[in-house]
Amino acid sequence: MPTVLLPLLQALLALSLDGAPVRFGVPLPATAVGKGLRLEGKGVLQWRRLPVGGPSADPVWVEVAISAGRGRVAVHAGGASAHADGRGPAFVREEQEAEEQYGRRRTETWRWCDGTVDERVRTTFFAATTVNDTTWTAGESRTVESEGMAQRMLPLCRLPRDVFERAGLLPPGGRLAAFVQKQLAEHVGRLPELPGARGAGDFGRSGGVVTNLEFDTTLAVLRCAAAFGDPKALALARRCARHLIDRDLDIRTGLPFPHGPDHRTGVPETGHVWLQGVLFAGLFAADDQMLGAAGAIARALALHPPIGEGRRERARDHAWPLFEIEAMLAVDPDPRLLLHADRLAIAIDSRFDPVARTFCFGEGETDDGVRFERAWVTAGVVIPALRAHLARCFDGRIAAHVGAVQQALLDRLDRPLPGVPTHWRVSAGTPFAEHRAIDDPEAVVMLDAFEPADLRRLLRRDGLRRALDEVLRPDDPDLATTFTMVGRTRWVWR
């Protein structure tokens with residue numbers, strides 16, 4: 001496997017290659033990309049801008065491809081222009097489409113200058129079709145890749161952390177949650193991946209449920225791959241992203257099917273949509289299909305506003321779409337998404353209650369006037385979504401409300417009691433009947449509301465820290481879901 005060394009002086013990337021072609025995506029400074037790129041060392045470089053971001057994007061996402069490279073090489077600014085047509089010196093890319101009786105077949109071929117040939121054949125089925133004893137339903141796709149294609153992006157596993165921080169996959173950080181990261185590292189290889197070509201990249205949990213990557217398993221695994229330099233995790237994240245776009249998307253709504261007894265049995269809903277994993281996988285794999293799917297999911301979210309009323313009104317139906325759309329806008333500022341994101345943020349903020357010091361949705365109302373506060377959703381979903389929105393479009397009123405809710409949550413967590421409070425009841429602004437979780441993924445998600453200084457102080461409390469020591473266990477029948485909730489949570493990687 002090719003390895004990546006620390007960047008050389010003035011080099012954008014430095015790699016040690018074994019002669020096999022490499023191809024991956026990476027964010028580079030706009031000023032460097034504007035000067036063109038060149039390769040120093042033995043090998044042939046080809047590059048292009050990925051189809052995201054506008055002319056003012058910085059950093060710029062670039063596909064880097066090197067053929068016939070061996071030994072130490074470095075990519076520098078100041079060289080060849082982009083080969084946007086796929087017919088550059090390192091490889092020639094060809095594409096063919098054909099209609100067949102049972103579906104549409106699309107074949108992509110990369111012919112490398114060293115003689116290597118990569119091929120991907122994707123068949124989208126018009127009707128239920130059985131191939132090799134596996135039945136694919138209408139709307140699903142089956143992708144077959146030549147051996148070696150998944151190896152092209154493995155140099156990513158040795159890139160320095162600041163590359164992933166600059167990309168937004170990992171936060172700036174160090175070892176704040178090292179004890180949680182250790183659990184993730186121990187369990188990422190134990191996830192119960194489903195068998196066969198149709199199950200690859202998805203997981204099962206108790207009760208025979210197919211998770212459909214709930215909470216964004218792709219994102220959780222990809223963060224493990226980046227933080228731990230784990231090539232197996234990187235390959236798994238790529239399979240997860242491919243599974244989502246091939247198996248789980250509903251062609252009628254454009255949204256993925258949620259978890260259920262099979263991949264396509266649930267009813268798509270905005271509160272169960274996650275696109276960050278497939279977005280980042282597409283960026284780092286330089287995979288236009290994945291990037292196109294991420295953009296299409298974001299646009300489908302914008303076409304399906306939250307519909308619940310009264311007690312059917314749920315925070316997750318507002319906050320998850322806002323969080324995911326803001327992640328898309330951070331990479332590709334599509335004007336079609338801006339208005340919907342702004343509307344979602346305003347709708348969430350309109351639920352702020354200064355007495356309860358939270359964002360009140362109908363799902364928390366009860367017949368006796370006592371409010372049930374799902375604090376882990378407020379802290380781990382609503383606040384991160386609003387903070388992502390504020391990072392793009394600051395609003396003092398929303399920021400003040402977010403600060404008030406954060407402080408109210410801190411007031412509950414700051415008490416020297418065992419466990420992490422994840423939900424409670426509120427009457428006339430006074431919380432009671434508090435549930436304190438131990439070894440529960442909701443407790444991990446709960447802490448995503450807070451800044452590093454507050455997190456450091458909270459984690460010094462023995463009762464709170466001990467409550468997170470064994471969140472992940474190999475005998476957990478819902479390991480895939482637990483792992484995902486923990487691994488996708490941003491504070492864990494600080």
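Apart from its neighbours within four places in sequence, Asp202 is in contact with Pro192, Glu193, Leu194, Val210, Thr211, Asn212, Leu213, His243, Asp248 and His263. The model in which these contacts are found is a predicted one. Asp202 belongs to the loop that runs between helix H4 (196-199) and strand E14 (204-205), and although Asp202 is buried, no salt bridge is assigned to it. The nearest side chain of opposite charge is that of Arg247, at 7.5 Å, and Asp202 therefore has no salt-bridge partner under a criterion that requires a side-chain nitrogen of Lys or Arg within 4 Å of a carboxyl oxygen. The side chain of Asp202 does, however, reach the backbone nitrogen of Leu213, at a distance of 3.3 Å, and Leu213 is also listed among the contacts of Asp202.

The side chain of Gln183 reaches two backbone atoms: the oxygen of Phe179 at 3.4 Å and the nitrogen of Leu472 at 3.0 Å. Once neighbours within four places in sequence are left aside, the contacts of Gln183 are with Leu468, Asp469, Glu470, Val471 and Leu472.

Two packed helices are described by the angle between their axes together with the distance between those axes. For helix H5 (residues 217-228) and helix H16 (residues 479-487), the axes come within 8 Å and cross at roughly 65 degrees, and the crossing in which H5 passes H16 is left-handed. On the side of H5 the contact is made by Thr217, Ala220, Val221, Arg223 and Cys224, and on the side of H16 by Phe483, Thr484 and Gly487. Leu222 is likewise found in helix H5, where it is buried with a relative accessible area of 3%. Leaving aside neighbours within four places in sequence, Leu222 is in contact with Leu169, Leu234, Ala237, Gly277, Phe280 and Ala281. The C-alpha atoms of Leu222 and Arg488 are separated by 9.0 Å, although these two residues stand 266 residues apart along the chain.

Across the whole structure, 48 salt bridges are found. One of them joins the side chains of Glu63 and Arg23, with an N to O distance of 2.7 Å; this pair links distant parts of the chain, Glu63 being placed in strand E6 (residues 60-67) and Arg23 in strand E3 (residues 22-28), 40 residues apart. Both partners are buried, Glu63 with a relative accessible area of 3% and Arg23 with one of 9%.

The side chains of Glu363 and Arg374 also meet in a salt bridge, here at 3.9 Å from N to O. Glu363 lies in the loop between strand E17 (358-359) and strand E18 (371-373), whereas Arg374 lies in the loop between E18 and helix H11 (375-392), and the pair, 11 residues apart, links distant parts of the chain. Glu363 counts as partly exposed at 22% relative accessibility, as does Arg374 at 31%. In a further salt bridge, the closest N and O atoms of Glu365 and Arg371 are 2.9 Å apart; here Glu365 counts as partly exposed at 37% relative accessibility, while Arg371 is buried, with a relative accessible area of 8%. Elsewhere, salt bridges that share partners join Arg93, Glu95, Arg106, Glu108, Arg120, Arg122, Glu145, Arg238, Arg242, Asp246 and Asp287 into one network.

With regard to backbone geometry, most residues other than glycine have a negative phi, and most peptide bonds are trans. Against this background, a cis peptide bond is present between Asp58 and Pro59, with omega at about 10 degrees; Pro59 lies in the loop between strand E5 (44-49) and E6, and E6 is the strand in which Glu63 is placed. A positive phi, of about 55 degrees, is found for Arg357, which is not a glycine. Arg357 lies in the loop between strand E16 (352-353) and E17 and, at 32% relative accessibility, counts as partly exposed. Asp439, another residue other than glycine, has a positive phi near 55 degrees; Asp439 is found in the loop between strand E20 (430-437) and helix H13 (441-446), and counts as partly exposed at 23% relative accessibility.

Conventions. Residues numbered from 1 in each chain as written. Predicted model: local features only at pLDDT ≥ 70, side-chain atom pairs only at ≥ 80, totals over all residues. Heavy atoms only, no water. Helix = DSSP H or I, 4+ residues; strand = E, 2+ residues; numbered from the N terminus. Buried < 20%, exposed > 50% of the residue type's maximum accessible area, 1.4 Å probe, protein only. Lys, Arg positive; Asp, Glu negative; His and termini not counted. Polar contact = N/O pair within 3.5 Å; in protein donor to acceptor, adjacent residues only side chain to side chain. Contact = heavy atoms within 4.5 Å. Axes fitted to C-alpha atoms, helices over the stretch in contact; angles between N-to-C directions. Left-handed = near helix turned anticlockwise from the far one by under 90°.
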